[in-house]
Amino acid sequence: MSLPPIAVMAGDFNLRHVLWDKGSRRTGMRNRHGDKALALITLAQQDIGLDLLNDDEGIPTWIPNSTAASPGTIDLVWIDHDYREGESILEVDQNGRHRSDHAVLKWTLAIDANPTRDPRIPRTGTVAQEYLNTVALELHAYQPIFQSKEDVAEAAAYLQNILSTHWENHATTPKVSARSRTWWNGRCQRAAQRVRDATRNVDEARVHYRALRSSHGSFDARTATQGVVVRAAVSDLHNRRGDLRKATRAAKRGFFDACIKRSNPKLILDFVQWTKPRKQSANVQLKMRNGRPANTTALMAEAFQTQFTPTNPKPVDWEMIEAIPQLPEREFLPFSEWEMMEVLGKTSNTSVPGPDHLNWLWIKWLTERTVDLGDGNIIECGPGIRRFFHTLFNACIAFGVCPEAFKESVTVVLPKPKKEDYTSATSYRPICLLNCSGKWLEKLIAHRMQFDGQKFGIMHPAQFGGTIGHSTTDAGMQLVHNIQKAWEAGLTPSVLLMDISQFYPSVQQAVLLRMLTKQGFSSKLCKFMADYLVGRETKFLFNGATTDPLDFSVGLGQGSSLSPILSGLYIAPVLHKWAPGQERRFANVVAQFFVDDGLLFAASPEPGGSTLGSQLDSNVEVLTDMYHNLMGDLGRLGLSVESSKLELMHFRRNKTPYSDSHPLGPAIAVRDDGVIHRIQPKIEMRYLGFFLDPKLSFHGHIKFYANKAESTVNTLRMLGNSVRGFTPQSSGGNPLGRDTSGP
C-alpha cells in the first residue's frame, strides 16, 4: 500500500522525543518512546518527505491535569519541505484549550495561491494571426545558402530564435480561476463588463436617491426625478443581463459546434470526451528502485531516466550481424517540395506541439501565408517559407547533420491504465513531444524508408505497424485467415502472444547503424542517422513538475515518426530467418510482429496421427522450439521478451475437452534465464484490440464494442439541453448522427 503526496500531517502522536520535546532532554529522564519516535521520524522524513514544523524549544502542547506529570510536546505538525522553505509559522495556544489537556495548534503555510502558469497563444484568433505574420515575414526574408553543416545548424538555430522571440512577445499568461470557462470569448467579456458598469450605475443612482430622500423628503421633485433615474438604471441593468445571457448561450453553442466540426467523424469518442467522468488521479508518491521517495524533481528525473533509458545494454552477437547479406547501396534522392507538402497535409491539426510551441496547423498556415502590410502592400510569404524548409531538410541529409534544435523534446509521463502500484516508474509510459519542424523532417525520412523496406523486401511481409500498407486491421485479418485455413485443412491451430520488453530503449544504436548499411540504405542517410541518434535532450513533465534537461540518447525515442520503422528494420533479419523457418518442423509456423507485439502461430499435426490431443501436443512442442529459437536471435540483438506477458490460446471448434484437468488444452513451458514459466491457455485473449476466443465466434469482441457504442450514443444526449438537444434521432444530416447510427 502506498500513500498519496502529503502536504501536512498533524495530530496527537503521543510520543516524546528529544527532537521536539525539550522536557525529554532533562538530565536523567528515561526516553520511553525512542523506538516508536524513530519510526515516526523515518516515515515522515524519508518515506513521505516531510519536515517538522514544531520548535524544539517551543511551548509544550500537552498540559496534564495531574501535577505528577510534566508538560511536554506530543502534538506535532509535519509539512512538505517546499513549505518549510517559506515563512511557515506554528502557533501553540494554551489559553484556548478550555478543559482539554492539549493546546490549540494554529499554523500558517507559505503557499502560492496563484501558481505560475506557462504563457500561451490560442491556436486560433487575432493573437495567433499576428504571431504567424511576424514569423512569416522574417522566414520569408531569410534565405540561407547551405555550403556546410555549420550553415545547417545556423539556419535551424535562426528558426528557433525567431520562434522563441516572437512567442515571448505575443504569448500571455492566462488568468485561470474557479469560474473560468473554455467557451468564454470576447463578446462574453464585453457583455459582462457592461453588466458591471450598469450595476455600478444602479448602485450610484440608489445612493443618490437615498440621500435626496433623507434630506428633502420623498415628495420633493428632485427626489422624484432621481427615482426615475433609478428605474431607468435598473431597466438598463436588466437589459444588459439579458445581453450577457444571449452572449454566453451563443458562445457555448459556437464552442461545442466547433469541437464537433474539428473532430474526426470516424472517431466518435472525440465528440463526447468532455462529457465522460474525470479519470481517477494517479498522483501517488513516486519511489526510486531502492524504495526512497522521489520527492524532488532531480530524484523524479533519475527514476524515470533509469526506467526509460537502460544504462547497461545487453551484449550483442556481432558475428550474427555481420552475417546479414549486404544489399547494394541505394541513392537517396533529394526531397521534392510536393513530397514535403503531401506529408504535411496528412498531419493532425490538433496534435500537441513541442518545446518550440509550433503546431502542425500553424506550419500549414505559414506555408500558405499572405501578409497584408496595408496601403495595398501584400507579401506572398508562403513560397519563401516552403523554399526555406525544402532547402534546410535536403541540406540535413546532404551534410549528414541533425540540428540541435530538432533534438530537443519534452517527455510527458503518463500512467498506464489498471496498474496496482503507481509508486513505481514501471507503471508509467513516456510520450515524447518533439519540435514540429524536426518531426516534419522525420516523417519525410520515415516515408522514404518505409517505401524502400517494402519495395526491396527488407521488411518481412509479416511485419505490421510503422510500415506502408500493414495496419492493425491487416494483422488481425491475417491471423483470422490463418486460423480458418487451418480449420479447412482439418488442423487445430495454436497461438502464442509475446511482447518485447522496452523495445525502443533497448535498440542499440551501433547495431542499428550497421544494419542500415547492410540493408543498402544510402551512406548519406546513415550519416544523418548517426548524428540524429546522439545528443538528444529531454525534460520530463510529470504531475505539473518539469525537470532540467537530461541526456536521452539511448535507443529510439517515444513519439518519433522514425522509431516504428527503425525498430522494424532492427528485427527484420530475425524474422526473415525464422518466419518461415528453414527447418522442416517449422513449416507450419507463422510469426508476425506489430512493432513490439509478436505472435507465433502453429498448426502442425503429429506425423503419426491427427487426433485433437496429438495436434495440440505437437503445436505446443513446435511453439516452444520456435519461441526459444526466435528469442535466442532477438537476444543476440540485445532484446528480451517479458515472460509475464506471454499468452496462449488453442483455437478448437470441437467441444470435447482436452482433458479433465486442462479442458482448454495443454500448457506451454518456456525457459527464461534458467527459470521455467508455464503458460496456461486462455478462454479469451486480446490481440491489437481484437477479442478472440477458441471458437473464433467474436462474441466477446462484439459485446465489448457494442456496450462501448451504446454508452457513447447515450452520452451524446449530454451535448445539448432540453431546448436545443442533440440526439441521433434529431441530428438529421449532421455527420455525427450518420456515423453514430451507421454500421
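Ala211 lies in helix α5 (residues 186-216). Helices here are DSSP runs of H or I with at least four residues, strands are runs of E with at least two, and both are numbered from the N terminus. Ala211 is partly exposed, with a relative accessible area of 43%. Under the scheme used, buried means under 20% relative accessible area, exposed means over 50%, and partly exposed falls in between (1.4 Å probe, protein chains only). Thr223 is twelve residues from Ala211 in sequence, and the two C-alpha atoms are 8.8 Å apart.

The model is predicted: local features need pLDDT of at least 70, side-chain atom pairs count only at pLDDT 80 or more, and totals for chains, interfaces and linings use all residues. Residues are numbered from 1 along each chain as its sequence is written, and side-chain values use heavy atoms, with hydrogens and water left out. The predictor's confidence in each residue, pLDDT, runs from 0 to 100. The protein chain averages a pLDDT of 82. A score of at least 70 is reached by 85% of the residues. Over residues 581-585, pLDDT stays under 50, and the model has five contacts beyond four places in sequence for them. Residues 727-743 also stay under 50. For this second stretch the model has 20 contacts beyond four places in sequence. A contact means heavy atoms within 4.5 Å.

The protein chain holds 21 helices and 21 strands. Of its 743 residues, 44% count as buried. Among contacts between residues at least 6 apart in sequence, 70% join residues at least 24 apart.

Helix α4 (residues 149-170) contains His166. His166 is buried, at a relative accessible area of 11%. The side chains of His166 and Glu138 are joined by a polar contact of 2.6 Å. Such a contact is a pair of N or O atoms within 3.5 Å; within protein, one must be able to donate a hydrogen and the other to accept it, and residues adjacent in sequence count only if both atoms are side-chain atoms. Apart from neighbours within four places in sequence, His166 is in contact with Tyr131, Thr134, Val135 and Glu138.

Helix α17 (residues 523-532) buries Leu525, Cys526, Phe528, Met529 and Tyr532. These residues cover an arc of only 160 degrees around the axis, so they sit on the same side of α17. The arc is taken from the directions from the helix axis to the C-beta atoms. Their cover includes α12 (382-399), α13 (436-455), α16 (509-518) and α18 (563-578). At the start of α17, a side-chain oxygen of Ser522 comes within 3.2 Å of the backbone nitrogen of Lys524.

The packing of α12 on α17 has an angle of about 95 degrees, with the axes 7 Å apart. This makes α12 roughly perpendicular to α17. Axes are lines fitted to C-alpha atoms, for helices over the stretch in contact, and angles run from 0 to 180 degrees between N-to-C directions. Angles under 35 degrees count as roughly parallel, over 145 as roughly antiparallel, 65 to 115 as roughly perpendicular, and the rest as oblique. Cys396, Ile397, Ala398 and Phe399 of α12 meet Lys524, Leu525, Lys527 and Phe528 of α17.

The buried residues of α16 are Gln509, Val511, Leu512, Met515, Leu516 and Lys518. They pack against α9 (318-322), α13, α17 and α18. Just after α16, Gly520 adopts a positive phi of about 90 degrees.

Helix α13 also packs with α11 (residues 360-367), at an angle of about 80 degrees and with axes 10 Å apart. The two helices are therefore roughly perpendicular to each other. From α11, Trp360, Ile363 and Thr367 meet Cys436, Ser437, Lys439, Trp440 and Lys443 in α13.

Most residues other than glycine have a negative phi. Leu696 is not a glycine, yet its phi is positive, at about 55 degrees. Leu696 lies in the loop between β21 (690-692) and α20 (699-715). At 11% relative accessibility, Leu696 counts as buried. Phe698 is placed in the loop between β21 and α20. Its phi is positive, near 60 degrees, in a residue other than glycine. Phe698 is partly exposed, with a relative accessible area of 22%.
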